[in-house]
Amino acid sequence: DDVFRVAGPGECLNYTWDIPADHPPGTHWYHPHYHTLTTDQFKGGAIGMIIVEDDDPNLPEWAYDELLLQISQPAGQYKLMYGNGLAQEETFNIMGDKWYRLRVSVATPNGKLSTLWFEEGGCLFYKVASDGIWHNAPFGTYQGISWGMTGASRADFAIKCSPGSNNTVNWENGIVAFINVGESAGDMSSVPPGQAPAKPASMMDLYTAEVPAANKWNITLIGGTMFGHPYTYNRTISGFRWYPEPPSAMATIAWNQAHEYNFRYSIFHPYHIHMYHVLIVQEGGCGDFIEGEFYDTVAAHTDCLVRFFTADFGQKMIMHCHDLPHEDAGMMVWMDVEGE
């Protein structure tokens with residue numbers, strides 16, 4: 001996860017991932033991160049999904065019957081959205097009375113909080129994972145047809161539809177996919193069966209973890225126009241702007257410890273953290289971001305208290321606003337994760 005590597009014109013970079021046995025499976029994505037040009041390269045189509053496959057033998061069969069949907073916004077368009085790169089929408093043909101796993105990844109340049117929604121009628125929808133992490137709550141907990149997500153969010157849904165019904169998947173006011181349902185497969189259950197795999201130790205017990213005072217931060221995202229110029233912004237994270245060279249880290253933080261951050265003003269600047277998912281510990285949750293669940297991008301109308309554990313590895317931890325023009329204008333920082 002190194003945004004400091006650069007490939008010039010005609011050059012290539014090779015990436016190798018060592019995925020530990022206890023690494024959470026999930027729905028992820030990628031995009032370029034060259035500072036000041038992230039937005040342009042993103043709009044040019046340099047995005048895609050990355051799936052870390054499940055290998056838990058106890059996971060139910062429906063979790064492997066996958067429907068993949070990447071929602072994106074083409075260059076030069078402000079309202080048109082694509083489903084899997086198709087201007088005419090994606091189409092899923094499925095059997096009735098059968099559970100499926102719909103993996104959704106949203107990739108919009110401004111990253112703002114918006115709504116993913118399903119047409120009402122004929123189908124059951126349960127949200128079972130967020131940002132690549134299975135929910136802690138049982139599969140049948142979060143039922144609904146409308147979900148607030150940022151333009152950098154992912155979500156997994158358990159879905160089942162009645163034979164002969166039709167449905168749509170929508171982002172904001174546009175259709176991104178059709179769901180056409182065929183004959184019955186015979187499953188009459190109303191709640192998806194099974195349970196999620198266990199999480200690694202670093203994602204357990206964060207509610208009760210001891211958080212040293214030095215690991216508690218208020219993270220404030222502030223932005224505005226300077227001197228009336230539309231392209232010059234004073235966008236900062238807690239007073240810091242992006243500067244990649246040492247010793248310009250926003251701070252040095254401890255590896256292998258619990259950390260607690262309070263995100264402020266994230267509704268205007270969707271807050272994204274690299275390497276570690278954050279657990280929502282704000283009492284009552286943070287709007288669309290549920291207390292007790294993990295995310296890596298948060299956009300809330302109120303302050304949002306989160307916790308994470310700097311496990312597995314330490315290096316440069318990137319934090320930035322996922323409104324990419326804001327990030328390109330400086331609203332990105334890094335912390336140096338150090339320790340033994």
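Predicted model: local features only at pLDDT ≥ 70, side-chain atom pairs only at ≥ 80, totals over all residues.
**Entry 1: disulfides**

Residues are numbered from 1 along each chain as its sequence is written, and side-chain values use heavy atoms, with hydrogens and water left out.

I took a disulfide to be a pair of cysteine sulfur atoms within 2.5 Å, and a search of the whole structure on that rule finds two disulfides. In the pair I began with, the sulfur atoms of Cys286 and Cys304 are 2.1 Å apart. Both Cys286 and Cys304 are buried, where buried means under 20% relative accessible area, exposed means over 50%, and partly exposed is in between (1.4 Å probe, protein chains only).

The other disulfide I looked up joins Cys123 to Cys161, with an S to S distance of 2.1 Å. This pair links distant parts of the chain, since Cys123 is in strand E8 (residues 123-130) and Cys161 in strand E11 (residues 154-161), 38 residues apart. The link of Cys123 and Cys161 is right-handed, with 105 degrees about the S-S bond. Cys123 is buried because its relative accessible area is 13%, and Cys161 is buried with a value of 1%. When I number the bonded cysteines of the protein in sequence order, the pairing reads 1-2, 3-4.

I then checked Cys321, which is in no disulfide; the nearest cysteine sulfur, that of Cys304, is 15 Å away. Cys321 counts as buried, at 0% relative accessibility. Cys12, in contrast, is exposed, with a relative accessible area of 70%.

**Entry 2: aromatic rings**

I paired rings of Phe, Tyr and Trp (its six-membered ring) if their centres lie within 6.5 Å, counting planes under 30 degrees apart as stacked, over 60 as edge-to-face and the rest as tilted. By this rule the count comes to 16 aromatic pairs. One of them is Tyr15 with Trp17, a stacked pair at 6.1 Å centre to centre with 20 degrees between the planes. Tyr15 is partly exposed, with a relative accessible area of 47%, and Trp17 is exposed at 63%.

Trp29 and Phe42 form an edge-to-face pair, at 5.9 Å centre to centre with 90 degrees between the planes. That pair links distant parts of the chain, with Trp29 in strand E1 (residues 26-30) and Phe42 in helix H1 (residues 38-43), 13 residues apart. Trp29 is buried, with a relative accessible area of 14%, and Phe42 is buried too, at 3%. Elsewhere I noted that ring pairs link Phe118, Phe125, Trp147 and Phe157 into a cluster.

**Entry 3: charges over rings, and a contact**

I counted a charge as over a ring if NZ of Lys or CZ of Arg is within 6 Å of the ring centre and within 35 degrees of the ring normal. Lys98 lies over the face of Tyr100, at 5.5 Å from the ring centre, and Lys316 lies over the face of Trp334, at 5.3 Å from the ring centre. Ala63 is in the loop between E2 and strand E3 (66-72), and Ala63 counts as buried at 0% relative accessibility.

**Entry 4: backbone**

Glu172 has a positive phi of about 55 degrees; Glu172 lies in the loop between strand E12 (166-171) and strand E13 (174-184) and is partly exposed, with a relative accessible area of 25%. Asp205 has a positive phi of about 60 degrees; Asp205 is found in the loop between E13 and strand E14 (216-222) and is exposed, with a relative accessible area of 60%.

Conventions. Helix = DSSP H or I, 4+ residues; strand = E, 2+ residues; numbered from the N terminus.
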